[in-house]
Amino acid sequence: MTRPEPPLTGGERETLRAFLDFHRATLALKCEGLSDDDLRRRSMPPSTLTLLGLVRHMAEVERTWFRKVVDGEDVPLVWSDSGDYQVAYDASGSSRSEAFAAWQAEVEHSRRIEREAESLDVTAYQPRWDAEVSLRLVMHHLCHEYARHNGHADFLREGIDGVTGA
């Protein structure tokens, strides 16, 4: 697997799009070549964090910010009818195919919604913040979410098989 390289020069939207795809690919790389059991392996007590849990969480993040907030869709979370984001972290009964299929489907929805938006200045209501947010903020926020969780993924992967980098 290769990651897209963000442009060294280019417009804001093109650059944000490329960095977001770079971070998405980084999470996939961190999980590459591991078994379902490895992907469900917990970090260290008391944390229950796993690579598969991170993939599931990021599916929820993509779904919420792009489909629910930007596009205004009335859809529940993937793994929780009550809106509890923590449910996604429990990947004990999950598989790579289930988690990655959900995540990749949400990424495709996100890409479509972003492409169809008139500009980064498009705004939508974020009920958890009780505020209007721009598509620009959403894309920056997703880059931040991925970067933070990819740092977690670095440690998780190293703990599984010693692989570092990416």
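A: In this predicted model, the largest nonpolar core has 42 residues. Six of them touch the most other members: Leu27, Leu51, Phe66, Trp103, Leu142 and Tyr146. Four helices each supply at least two residues of this core: H1 (12-31), H3, H4 (96-116) and H5. H3 gives the most, with 11 residues.

Take Leu142 as a way in. Set aside its neighbours within four places in sequence. Leu142 is then in contact with Leu20, Met58, Val61, Glu62, Trp65 and Phe66. Phe66 is also among the core residues that touch the most other members.

Now look at the helices in pairs. Start with H3, which covers residues 51-70, and H5, which covers residues 135-161. Their axes come within 10 Å. They cross at roughly 175°. An angle over 145 degrees counts as roughly antiparallel, so H3 and H5 are roughly antiparallel to each other. What kinds of residue make up the contact of H3 with H5? By class, this contact has 16 nonpolar, four polar and three charged residues.

The second pair is H1 and H4. These helices pack at an angle of about 175°, and their axes are 13 Å apart. H1 is therefore roughly antiparallel to H4. From H1, the contact takes in Arg13, Arg17, Asp21, Arg24, Leu27, Ala28 and Cys31. From H4 come Arg96, Phe100, Trp103, Val107, Ser110, Arg111, Glu114 and Arg115. The residues of this contact divide into six nonpolar, one polar and eight charged.

Next come the strands. E1 spans residues 123-126, and E2 spans residues 131-134. The two run antiparallel and are joined by four bridges. Thr123 has Ser134 of E2 as its bridge partner. Gln126 stands opposite Ala131 in E2.

Which way do the side chains of E1 point? They alternate along the strand. Ala124 and Gln126 point to one face and are buried.

Ala131 sits in strand E2. Its relative accessibility is 27%, so Ala131 counts as partly exposed. Not counting residues up to four places away in sequence, Ala131 touches Ala124, Tyr125 and Gln126.

Finish at the turn. E1 and E2 form a hairpin, with four residues between them. Asp130 lies in the loop that separates these strands. Is Asp130 buried or exposed? Its relative accessible area is 58%, so Asp130 is exposed. The backbone of Asp130 also deserves a look. Asp130 has a positive phi of about 50°, although it is not a glycine. Most residues other than glycine have a negative phi.

Methods. Residues numbered from 1 in each chain as written. Predicted model: local features only at pLDDT ≥ 70, side-chain atom pairs only at ≥ 80, totals over all residues. Heavy atoms only, no water. Buried < 20%, exposed > 50% of the residue type's maximum accessible area, 1.4 Å probe, protein only. Pairing = 2+ DSSP bridges. Axes fitted to C-alpha atoms, helices over the stretch in contact; angles between N-to-C directions. Parallel < 35°, antiparallel > 145°, perpendicular 65-115°, else oblique. Nonpolar A, V, L, I, M, F, W, Y, C, P; charged D, E, K, R; others polar. Core = buried A, V, L, I, M, F, W, Y, C linked by side-chain atoms within 4.5 Å. Contact = heavy atoms within 4.5 Å.
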